[in-house]
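These are my notebook entries on one structure. I record what I looked up, topic by topic.

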Amino acid sequence: MIRIKKSMKNAMVKILTVVLVTGVIQTTNIRKAEGANMKISNTSVVLKKGKSKTLSILNAGNKKVTWSTSNKFAVTVNAKGTLKAKKYGHTKITAKVGKQYFTCNVKVPDSSKEVTIKESEVTIAEGTVYQINAKSKYAISYQAKNGDVVSVSNTGLVSANNPGTTTIYAKSKKGCDKLKVNVIGKNSDKSTLEAVKKLQTIRAVSSNDVVSYNSIKCQINKDVKVTVANIDSKNVKSVTWTTSDEKVIKQPSSDKTTVNAKAVTTGTATLTAYIVYNDGTQKVYCNNINVEDPNETKVVVLGPNVGGERERYVELIGVDEGTQVKWSNSNANIASIKSYGTKAAIIGKKTGSGTVTATYDGKTQVVNYVVENPTFKKNKAVIAKKKTTKIKVSNLLYSSLKFSSRNTSVAKVTKNGKITGKAPGVTYIDVTIGNVLCKTYRVEVAPTGMKTIIKNAQYMVDHWKYSQGRRMQYGYYDCSALVWKGYRTYKKYHKKLGSSVYALPAGDLFDYLKKKKKIVYYGFTDVDDLQPGDILFYGDYQNAVRYSTPGRTLNIYHAALYAGNGKVVEKGGQTLNYNGTQFIVGVGRVVKK
């Protein structure tokens with residue numbers, strides 16, 4: 001046997017100890033780094049009803065992950081982190097790893113109301129076109145907020161008319177989405193300039209040395225000759241022309257690439273040419289035609305009261321691309337101008353008038369303008385079914401207004417701005433001056449009897465006492481009793497809440513409405529999904545411990561009545577987020593007409 005000296009033995013023990021300790025330290029450091037870098041794969045998800053998606057905890061290694069959902073009725077999650085969208089609504093998915101928690105917000109949108117545009121923002125060159133990719137179960141219409149910057153056809157084909165930024169709205173009878181469009185001026189760079197020179201679109205056939213404004217300008221009862229420019233007509237098999245509004249521009253009957261468009265009355269219409277080439281390919285070209293009264297010889301510019309995206313453009317047409325043009329403005333206090341080569345944008349500051357002059361090759365051309373800066377008065381945000389309200393606008397000196405509803409099944413609006421409620425829901429009323437969308441009013445239509453119910457419930461909150469023990473006595477209420485007593489004030493609607501003699505507690509009321517399929521959303525989605533009279537259920541374990549009884553369905557501790565216009569029936573008339581919208585676990589709707 002080999003003998004080892006005691007001193008050497010002690011030295012070896014020390015070395016081995018150091019090695020072992022070092023190994024422990026390295027392992028510990030690796031674990032700490034692994035834990036410190038952990039994160040959830042998605043912090044927010046939009047998941048269509050019936051669809052699935054799997055979440056994961058990155059850098060978790062072999063650590064155990066426990067998954068849970070705050071709203072099992074909206075979205076479920078299994079042990080592997082796979083989500084399944086069950087019903088419209090919202091939930092918070094929580095992953096627990098050791099003592100760490102990671103969350104992901106999941107929304108299941110109401111697909112029956114959805115209009116979706118693939119892109120949220122695009123940048124295109126002046127004189128080019130862009131096709132919007134929008135989807136909906138229903139027919140889609142399009143509207144540009146500033147038709148001077150872009151025009152859009154009824155098929156979603158965008159024509160970039162002038163440099164600037166604007167918004168396009170895609171609308172159906174059940175929803176609306178928007179697209180931000182940036183148009184780069186043709187003098188921005190050489191490549192853009194080359195693209196404009198070869199532009200294929202509808203253009204007016206005009207004489208030289210003329211200042212025109214808006215995309216294509218013409219007058220009432222006059223023809224404007226238009227053509228699909230920069231194409232070889234010999235390669236065209238057929239042409240079909242359409243107009244977006246025959247009251248403004250009569251639909252041309254010609255099958256040629258150049259036609260005379262008949263102006264009928266003042267307004268803006270999109271003229272579209274559907275072309276089939278000899279090789280079978282098809283293309284669509286469009287542009288706006290603005291019809292004006294010959295007695296109105298001034299360009300109408302809008303002031304700051306109508307918001308942004310309101311530039312009006314004037315252009316010197318019939319001159320060479322390289323022509324040097326100097327633009328001047330007679331009244332800088334009323335409006336400012338931006339120069340874009342042969343074009344200029346007029347931006348209104350306050351009510352008044354002035355002139356813009358184009359100077360070129362020793363010549364001048366003058367355009368008169370007037371700035372409108374109207375005052376829009378507040379409107380009723382909530383109206384009852386079959387009731388009306390009127391949009392009032394003052395200080396409008398020169399122009400006329402146009403009104404349109406984004407959801408005519410909810411409310412209609414006349415040419416004079418009179419709004420009539422048709423069915424419960426939310427819509428937006430757009431107000432247009434010329435071809436600029438300058439004001440939008442949000443309008444909620446309440447179901448039958450709901451305004452009475454809400455008014456009486458608010459009276460109880462303001463004049464009665466809160467008491468859970470005496471909740472069913474006259475002069476007292478708690479949250480669910482308030483909802484029940486409010487509903488009782490109109491044609492015994494309280495029977496729809498499970499009992500004609502007693503108010504169910506909030507949790508039991510949720511269970512009853514769920515059984516009757518009266519819960520329309522599980523969790524809060526968006527205020528536009530709500531209707532006046534909806535019953536909001538709030539659930540959270542900690543709040544249930546504090547205010548109610550834990551263990552009820554979704555730990556429901558509170559119920560409230562939605563009053564419309566972002567308000568709930570609470571003391572003083574509180575905003576919707578008074579109790580925290582993140583705690584809303586269900587929305588009940590018992591009156592739908």
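I looked up the pairing of strand E36 with strand E43 (residues 436-446): they run in the parallel sense over 3 bridges. Strands here are DSSP runs of E with at least two residues, helices are runs of H or I with at least four, and both are numbered from the N terminus. Two strands pair if DSSP finds at least two bridges between them. I noted that Ala384 has Ala446 in E43 as its bridge partner. The model is predicted, so local features need pLDDT of at least 70 and side-chain atom pairs count only at pLDDT 80 or more, while totals for chains, interfaces and linings use all residues. Residues are numbered from 1 along each chain as its sequence is written, and side-chain values use heavy atoms, with hydrogens and water left out.

I then placed this pair in its sheet. The sheet is open, has 4 strands in the order E36-E43-E42-E39, and shows mixed pairing. Strand E36 (382-384) and strand E39 (401-405) stand at the edges with a single partner strand each, so one side of each has no neighbour in the sheet. On average, neighbouring strands of this sheet are turned by 30° against each other, direction ignored.

I turned to a second open sheet, of 6 strands. Its order is E46-E51-E47-E48-E49-E50, with antiparallel pairing. E46 and strand E50 (574-575) are the edge strands, each pairing on one side only. Within this sheet, I found that strand E47 (residues 535-539) and strand E51 (residues 584-588) run antiparallel and are joined by 4 bridges. The bridge partner of Tyr538 in E51 is Ile584.

Next I checked two helices. Helix H3 (residues 450-463) packs against helix H4 (residues 479-488) at an angle of about 130°, with the axes 8 Å apart. Axes are lines fitted to C-alpha atoms over the stretch in contact, and angles run from 0 to 180 degrees between N-to-C directions. H3 and H4 are therefore oblique to each other (under 35 degrees is roughly parallel, over 145 roughly antiparallel, 65 to 115 roughly perpendicular, and the rest oblique).

I also looked up two residues in loops. Glu309 has a positive phi of about 55° although it is not a glycine, and Glu309 lies in the loop between strand E28 (298-302) and strand E29 (312-317). Asn555, also not a glycine, has a positive phi of about 50°; its place is in the loop between helix H6 (541-547) and strand E48 (556-564).
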